[in-house]
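Colleague: I am new to this structure. Could you show me how to read its features, one at a time?

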Amino acid sequence: MHAALKTPGPDHPITITPSPARVRVRFNGKVVAETTRALELKEEGYRLVRYIPRADIDMRFFERTTRVTHCPYKGDANYFSLVDKDVRADNAVWTYEHPGTAVAAIAGHLAFYPSRVEIEAL
């Protein structure tokens, strides 16, 4: 069991805003997600991450894994691998299914490692 989550503040700001872009994610040349409803999370010390609503994702390419990591601000992240025929990208996608109150907006959204997929902001 983890300690209570930390609250973002001046020493570690986290902001979540609607993305102005249409976001398209391709894996192995196939569109696995496309949305106009992405959220952009900016966290001190990290690159911008776009979180995409699960409703706008083609879950046929996703396999849940047992990997779990913990962020002291966002909570526990669960992971998915992307699979298309014989092509795999292990733990390429993460989601905070029960995020902390300060970042509750990202519940029900998934994020992708840019090194594992092609992410377009149109």
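Colleague: Is F62 buried or exposed?

Modeller: This is a predicted model. Buried means under 20% relative accessible area. F62 has 9% relative accessibility, so F62 counts as buried. F80 is buried too, at 4%.

Colleague: How do I read a pair of aromatic rings?

Modeller: Use the distance of the centres and the angle of the planes. There are four aromatic pairs here. Take F62 and F80: their ring centres are 6.0 Å apart and their planes stand at 80 degrees, so the pair is edge-to-face. F62 belongs to strand β6 and F80 to strand β7, so the pair ties together parts 18 residues apart in sequence.

Colleague: Which pair is tilted?

Modeller: W94 and Y113 form a tilted pair, 4.6 Å centre to centre with 50 degrees between the planes. W94 sits in strand β8, Y113 in the loop between β9 and β10. W94 is buried at 10%, whereas Y113 is partly exposed at 29%. With Y51, these two form one aromatic cluster.

Colleague: And the sheet? How do its strands pair?

Modeller: Strands of a sheet pair through backbone hydrogen bonds, either parallel or antiparallel. This open sheet has seven strands in the order β1-β4-β5-β9-β8-β7-β6, with antiparallel pairing. Its edge strands, β1 and β6, each pair on one side only.

Colleague: What does the side chain of D84 make a polar contact with?

Modeller: Its partner is the side chain of K30, at 2.8 Å. D84 lies in strand β7 and is buried, with a relative accessible area of 6%.

Definitions and conventions
Residues numbered from 1 in each chain as written. Predicted model: local features only at pLDDT ≥ 70, side-chain atom pairs only at ≥ 80, totals over all residues. Heavy atoms only, no water. Helix = DSSP H or I, 4+ residues; strand = E, 2+ residues; numbered from the N terminus. Buried < 20%, exposed > 50% of the residue type's maximum accessible area, 1.4 Å probe, protein only. Polar contact = N/O pair within 3.5 Å; in protein donor to acceptor, adjacent residues only side chain to side chain. Pairing = 2+ DSSP bridges. Phe/Tyr/Trp six-rings, centres within 6.5 Å; stacked < 30°, edge-to-face > 60°.
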